[in-house]
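Hi,

Here is the structure I promised to pass on. Have a look at it first, and my notes follow below.

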Amino acid sequence: MALSPSSYNAFNKRTYATSVTPTFSASVTDADSGTVRAQFEVTPDPAFNDAGTYSWAGTSGAVTSGSIAMLTLPEDRKLGAFGYRVRARAYDGSAYGPWSGCVPFRVNTGKPAAPQIACVGHPQDAWTDTSGEIDCTFTTTTSDGRGFLWGLDDPNTRQQVNDPAGTGGKPQTVRVNPAKGWHVLHARTVDSAGLLSGVTAYQFGRGPKPAVLPVPDMPSALQEGAQDTPAPMLSGVLTSGDRAYLHGEFALYDATGAPLPGVQLPPSCESGRRVATLIPESTLVPGRTYQWAMRACSDTACSAWTPKRTFTAKAPAAQPVPQVRTVDISGDALRDATAPVGATDCGTSPCAAVQDGMLRVGTPGGIAWRTWLKADLSAVPAGARITDARLTLHRADCGGGDEPTCTEPAATVRDLATAWDPALSGQDLAAAANEEPLLAEDELLAALGDLNLGSLVADWLYQTDNHGLSLQFGDEKTAAPGVVYHSSRAQDPELRPVLKVSYVPSGAPGAPENVKAVPAARGLLATWNPPTDPGAATDALTYTVIVHRDGTEAARTTTQDTRVVFDSLTNGANHTVTVTAASTHGTSQAAVSVTAKPVAVAEQERYAPAVRDYLAARAGVLKGTYTTVEQAAASSPHGAMFRALLEQQLPHLNDRREAYARHERRFTEITTVFDDVLTGPGADNTVIVRGTVSERSVLTHTDGTQEPEESDLPGRFVFADGVLRMEADDAAAEVTLPTTNDAVRDASVAPLAEQSVEEVAQGEEDLPTKLDADGMLPDEPAPDTTTMQLAVVSPPRPTQAAPRHGPSATPTGSGRTTSTTAPPSRPRRSTGAARCSSARAAVRIHPAGSATTSVRGGSTAAPGPAPPTCASI
């Protein structure tokens, strides 16, 4: 017997429930091998005697004999922070089995306080020229702390140091021996239940302070997003003159500017783009005012914190209730078959599928039967958005005579990864099924009627091939009577299987949102967000964008992007931008921007050539044409405008070129085109040059093989006093974040922090990628780009570069990064909630023989084995 979510503390030998409504589970068997339920009972633990007179009992749904029965404690019977015990017994509908032994547990749902860190002889945010081991001590105000997770230059904190008492909360000391350079020691408090605090970061430098220490720019273009959701988003754009790998750190304050106690926001990692973090649900009180700030950090330094921004928390907005329709799929439109799937169910021969009036599921006589169903979804209208889908099967083995009622066991439903039809064997059916079953909303197996198959039906319609699904009960290892349903061939149509699909009909899209006109010299940049309601599930939207000058149409274009550049406009005149969205299902209402006036920029003609020459000079360094900044700057009459920025990047560019040479490859071609240019005024008397940066590079191996790569990116180049100071992704800087969950598409969002020690990624496969001394994979080098570092990772936003339009202009392509040697792989689901860590840092702190760790003051071993569970009942 077990409960979840829970944690076993190997030091004080106690089990802790980490939810006030845990789920209880037990293996149940029935002497008659029929379906069976589990009854659970929760009472106060007399060892603590602090839960008063609490008492609850509940009975699970039916499962096949030998299976695991589960039941979640109802919300109106939630537990307190006290000690309890739970026991269970089997129930077959007519008789109860004996009670199991009691499993004691305590409830602990409160997060511990984040630790404080102090390292002997190495003050925080300072450089100290020392060598040898360093003692660093973690302390916490949490009284029931059982230890700490920590990591040197690893925010995933995979190492442990524990308080042997299990709940003492005593300080613990670790000993580290880092190499020379800048380091960050990360730590989290672990409480008695294994719950985790936020991460505390302690930064320090080892060795002599470098004469030149690149500092990232202060984050820019700060915005809040997703304000209408339970987890609002804070975001900003990170940049650095040396194009270093950066991460954003966030801080949240109350209205007076005091830090919110116990609130730690996960860092988000990216370079040149917009990064964001989500405020945990229930942190903010609607109607109250809060402040926040952020800073950018590299491997060597952090920027100053931004000035605090103020915002007022909102209650989550109520979502409109859409009009829902249903369609029943049955009869010939819902094909079915049944077959034994066990390897030896038919001796040495494959088992043939059966198509008669019955569908068999279960293991009667030790033979494992599965049922296959495949729906013809042509009755679902094109573009429909699926909200729900329920499969109803009618029992043929009960419901009349001596068995007036039917007990429906929990079902295991799997969609098929490969095609199957009744001409194939039952063993083929088992092999075609996906490994992971479909679960109910509480992530438990449930009776078939309680499973919402809506996401699966939507996938079949618009994403993946529809091969149907398989239905089974139990583990197919324990003999049980099984269940028999009527098939699609039943004489009575009312008894045939039915898939009821609920959907929102397709229609015209909603209006585009947040339309914005950004003025420039004789032009403007128009941006907008897609409609919250696209009107349909599949169609891409086409936008019609019209510029009016003093009420008269001045320019027009259509695009599937969400930004457009217009030129050849009139400086000083009032311009507005109108955008409509259209699909095959209709056209939206128009959305209009506020008025913008194009404005002249002094010496406008010199800025775009300076950007082009800057990109060419940087490419020349990577190719080896130039090895000093003097050579690169002298290649252009505008060299003085970009020399300072290129000088910051020169060490990295030379390092990359030399690293490629050590890996027997070099750049033989780098061509960069900067067009669709729009020059305009920026804040604080700066000049912003926008344009599409199109690059093609070829990395050639000594054996003649080549690695070509192409990219289109929306560049943003900021000049102050005529000198290039900053470059970034213009789409990231100019986007207006939606107030809905759609805001996450426009930024690199920090993963949610792990809540318990069990969630922390463990195992060698989850450790930082092992790189060689050049920061490259041992087998092949990481691709580099000569444009912005942001080109390495394609942004989540579907439109990047802005098409350019004017009276005689034509559209350009949207932002992309492509390689002709290896197509992009399909996305994979994350194997853990690992946070960002710099590959450069991983190289620096893990060279052979240069970094060791040891521990004092507690145990570093992982907790011991979990306690034995109750025997099956």
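**Two open sheets**

M233 stands opposite L278 in β23. That pair belongs to strands β20 (residues 233–237) and β23 (residues 274–278), which run antiparallel and are joined by 5 bridges. (Strands are DSSP runs of E, at least two residues, numbered from the N terminus; two strands pair if DSSP finds at least two bridges between them.)

Before going on: this is a predicted model, where local features need pLDDT of at least 70, side-chain atom pairs count only at pLDDT 80 or more, and totals for chains, interfaces and linings use all residues. Residues are numbered from 1 along each chain as its sequence is written, and side-chain values use heavy atoms, with hydrogens and water left out.

β20 and β23 sit in an open sheet of 4 strands with mixed pairing, ordered β19-β20-β23-β48. Its edge strands, β19 (220–225) and β48 (748–749), each pair on one side only.

Another open sheet has 5 strands, again with mixed pairing, in the order β12-β18-β17-β14-β15. Here the edges are β12 (127–128) and β15 (159–162), each pairing on one side only. β14 (residues 145–152) pairs with β15 in the antiparallel sense over 4 bridges, and G147 stands opposite N162 in β15.

So which residue in strand β14 did I look at? F148. It is buried, with a relative accessible area of 1% (buried means under 20%, exposed over 50%, partly exposed in between, with a 1.4 Å probe and protein chains only). Leaving aside neighbours within four places in sequence, F148 is in contact (heavy atoms within 4.5 Å) with residues including P115, F138, V161 and V190. F148 and A114 are 34 residues apart in sequence and 9.6 Å apart in space, C-alpha to C-alpha.

Cheers
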